[in-house]
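Colleague: Could you take me through this structure, please?

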Amino acid sequence: MTAGAWRLLRHFDGEPGLQMARDEALLEHGGSSAVLRLYTWRPDALSLGYFQRFRDVPAAAGATSVVRRWTGGGAIHHADELTFAIAAPLEHALYAGPVVDSYRRVHALVIEALALVGVTARLRGDVAPLASDRAGSGMCFHASTPEDIVWDAAKGVGSAQRRRGGRVLHHGSIKLDTTALEGPIATAKVDVARLETALLTVFGRRFRLVADELTPRERRHAADRAAFFRSDAFVHRR
């Protein structure tokens, strides 16, 4: 990999446990590389935030596929969305300094990409509550912070981080449509390919993206760990 280049990975329609394990592999074994990974889920799945209690997310009891993420935040129903993950050294310019500033930097890029597909989005700021805010569900898109991305008076992008071993993993979910579990939230209403192109355009203006694959070590890690992320022991750990 050329020095300073970002690895670009695309893993569409991936099994939920495997998708989580791939992100862990990039956090654990990415070294000094920055990575942008774009992916979707098959089957649809509910992911719990690392610190959530299973019983505090009513939708989890009836979901057919449930995993737990390494990142925090609320539960997300991964359907009709494009998921992005960034794995990078903590000293990277996107993540240097206060954590809240890193969210604003990353979300500024996502807002720019959304504008390319006709969505006028912004950070929520001090405007609250949103139409999508809802108490008691435990769902990510039913709670908002000033750094979340909103449009149509509702939340449309949720993201969270995990920092470990000098690296950061940043997950983000960009909603294309809603589901019965999430109800009235903001949705981009474009197809995955169009939104992917917009994200690659924006990131490509700032970083040198080089299409890549998982290394053999990362592939082995992901294969070995996929079952863990969907296991009862991890999903019901809290």
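This is a predicted model: local features need pLDDT of at least 70, side-chain atom pairs count only at pLDDT 80 or more; totals for chains, interfaces and linings use all residues.

Colleague: In what order do the eight strands of the open sheet lie?

Modeller: The order is 7-8-9-10-6-2-1-11, and the pairing is mixed. Strand 7 (122-123) and strand 11 (209-211) stand at the edges with a single partner strand each, so one side of each has no neighbour in the sheet.

Colleague: How many bridges join strand 1 to strand 2?

Modeller: Seven bridges join strand 1 (residues 6-14) to strand 2 (residues 34-41), and the two strands run parallel. Leu9 stands opposite Arg37 in strand 2.

Colleague: Which strands does helix 1 lie across?

Modeller: Helix 1 (residues 16-29) lies across strands 1, 2, 6, 9 and 10, and runs at about 175° to strand 2.

Colleague: Turning to charges, how many salt bridges does the structure hold?

Modeller: The structure holds 17 salt bridges. In one of them, Arg164 pairs with Glu28, with the closest N and O atoms 2.1 Å apart. Arg164 lies in strand 9 and Glu28 in helix 1, so this pair ties together parts that are 136 residues apart in sequence.

Colleague: And Lys175, which residue does it form a salt bridge with?

Modeller: Lys175 forms a salt bridge with Glu81, at 3.0 Å between the closest N and O atoms. Lys175 is in strand 10 and Glu81 in strand 6, 94 residues apart.

Colleague: Are Lys175 and Glu81 buried or exposed?

Modeller: Both Lys175 and Glu81 are buried. By contrast, Arg164 counts as partly exposed, at 29% relative accessibility, and Glu28 also counts as partly exposed, at 37%.

Methods. Residues are numbered from 1 along each chain as its sequence is written. Side-chain values use heavy atoms; hydrogens and water are left out. Two strands pair if DSSP finds at least two bridges between them. Helices (H or I, at least four residues) and strands (E, at least two) are DSSP runs, numbered from the N terminus. Contact means heavy atoms within 4.5 Å. Axes are lines fitted to C-alpha atoms, for helices over the stretch in contact, and angles run from 0 to 180 degrees between N-to-C directions. A salt bridge is a side-chain nitrogen of Lys or Arg within 4 Å of a carboxyl oxygen of Asp or Glu. Buried means under 20% relative accessible area, exposed over 50%, partly exposed in between (1.4 Å probe, protein chains only).
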